[in-house]
Amino acid sequence: MILILKNGVTDDQIDHVIQKVESMGFQTHLSRGTFRTIIGMIGDESLTTEQQLQSIPGVQQVVPVLPPYKLASREAHPESSVIDVSGVKIGGGNLAMIAGPCSVEDRDRMMRIGESVVKSGANLFRGGAYKPRTSPYAFQGLGEAGLKILREVGDTFGVPVVTEITDPRNVELVAEYSDMLQVGARNMQNFVLLTEVGKTDRPVLLKRGMAATIQDLLMSAEYVLSQGNPNVVLCERGIKSFDPSTRNLYDVAAVPAVQGLTHLPIIVDPSHATGRPDLIPPCALAGLAAGADGVHIEVHDCPEEAKSDGAQALLPEQYNEIVQKMAAMAELLGKTISPLPNSTTKNTPPTEALA
């Protein structure tokens with residue numbers, strides 16, 4: 001870090017700042033300019049805080065040289081990471097196509113939806129067995145029974161599955177049935193949960209909080225990385241705004257902004273971002289055009305009967321259509337929809353796959 005000292009700082013104050021900083025275990029480098037004096041600090045930044053340094057008499061400003069998210073930053077890891085989810089690669093030109101219903105429902109329905117999205121080109125199947133809901137009276141998910149159904153769908157169609165983890169006490173159980181753990185927007189800053197998933201060997205899908213800045217998102221990723229789990233995929237799913245025309249504000253600019261700061265892959269979720277099936281296809285394409293490493297879309301075969309968020313789900317035939325367009329865009333961008341582990345197909349099957 002760099003300490004910028006106040007104008008008119010005395011020699012005694014400079015000596016005091018240097019003495020104080022060195023007593024914390026840092027090396028110092030004093031530089032006197034025509035208009036300002038600065039002190040460079042070299043050492044372990046975890047030994048102090050910006051607030052503590054700011055309180056030293058004579059210090060005007062504390063400037064971190066590196067971002068606070070050390071492990072997630074591009075400075076620490078210049079090359080873009082490629083995350084492997086049971087054979088499906090995300091990042092480095094490999095695109096994730098995550099699809100499925102908001103909640104895991106009855107087995108037959110999950111089988112139908114799973115078969116249709118995989119035929120369309122999805123390479124990860126999603127569904128919530130545990131649902132954090134605004135109302136305590138809303139459907140909360142099927143729990144372990146839902147996890148078993150989700151695992152059966154994945155095994156039947158040879159597709160990795162991702163599901164949300166909401167409680168640190170359930171991490172081991174959810175990890176047993178899933179290939180990827182999702183930390184939802186409401187839990188993005190649940191630091192106990194982040195610490196626990198960071199101790200697993202499962203890749204983590206970390207969604208941006210509804211009122212979170214990009215730095216907030218990267219600091220949450222840092223929690224997972226700091227526990228030894230390097231496999232984190234970020235997700236832009238919209239942030240709260242004053243405009244009720246969409247469920248959230250789709251911050252597509254966050255994709256290239258995040259990629260300039262971190263080596264971690266980032267995907268987009270136009271379903272939660274817009275909440276409108278008519279806007280999901282163009283926003284999915286916009287996310288890919290902005291450089292996203294994949295797209296997360298909710299799909300249901302009868303949205304009016306969905307246990308949760310049916311209004312924002314695409315029908316299977318609508319999903320099939322948008323995947324074809326995303327495959328064409330992927331080719332244009334020089335990227336590939338990551339094939340399933342046992343598949344030799346690089347992108348998606350023809351549109352007739354659902355016929």
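Q: How many helices and strands does the protein chain have?
A: This is a predicted model, where local features need pLDDT of at least 70, side-chain atom pairs count only at pLDDT 80 or more, and totals for chains, interfaces and linings use all residues. The protein chain comes to eleven helices and 15 strands. Those are DSSP runs numbered from the N terminus, with helices being H or I of at least four residues and strands being E of at least two.

Q: And what box do the C-alpha atoms fill?
A: Taken along the principal axes, roughly 80 × 45 × 40 Å.

Q: Which domains is the chain divided into?
A: Domain 1 covers 2-63 and domain 2 covers 74-337; the bounds come from an automatic or database domain assignment. The centres of domain 1 and domain 2, taken over C-alpha atoms, are separated by 44 Å.

Q: Ok, what share of the residues is buried?
A: Of the 355 residues in the protein chain, 51% are buried. Buried means under 20% relative accessible area, exposed means over 50%, and partly exposed is in between, using a 1.4 Å probe and protein chains only.

Q: What about contacts, what part comes from residues 24 or more positions apart?
A: They account for 69% of the contacts with a separation of 6 or more. A contact means heavy atoms within 4.5 Å.

Q: Are Cys102 and Cys302 buried or exposed?
A: Cys102 counts as buried at 5% relative accessibility. Cys302 is buried too, with a relative accessible area of 17%.

Q: Where is Asp309?
A: Asp309 sits in the loop between strand E14 (294-298) and helix H11 (316-333). At 25% relative accessibility, Asp309 counts as partly exposed.

Q: Which residues is Asp309 in contact with?
A: Leaving aside neighbours within four places in sequence, Asp309 is in contact with Cys102, Arg247, His272 and Glu298. Cys102 is 207 residues apart from Asp309 along the chain, yet their C-alpha atoms are separated by 6.3 Å. For the bookkeeping, residues are numbered from 1 along each chain as its sequence is written, while side-chain values use heavy atoms, with hydrogens and water left out.

Q: What's the phi of Asp309?
A: Near 55°, a positive value in a residue other than glycine. Ser86 also has a positive phi, near 50°, and is a residue other than glycine.

Q: Where is Ser86 found?
A: In the loop between strand E5 (83-85) and strand E6 (88-90). Ser86 counts as partly exposed, at 40% relative accessibility.

Q: Now Phe157: which helix is that in?
A: Phe157 is in helix H4, residues 144-157. Its relative accessibility is 22%, and it counts as partly exposed.

Q: What does Phe157 contact, neighbours within four places aside?
A: Met111, Gly114, Glu115, Val118 and Leu340. As for Phe125, it is 32 residues from Phe157 in sequence and 9.7 Å away in space, C-alpha to C-alpha.
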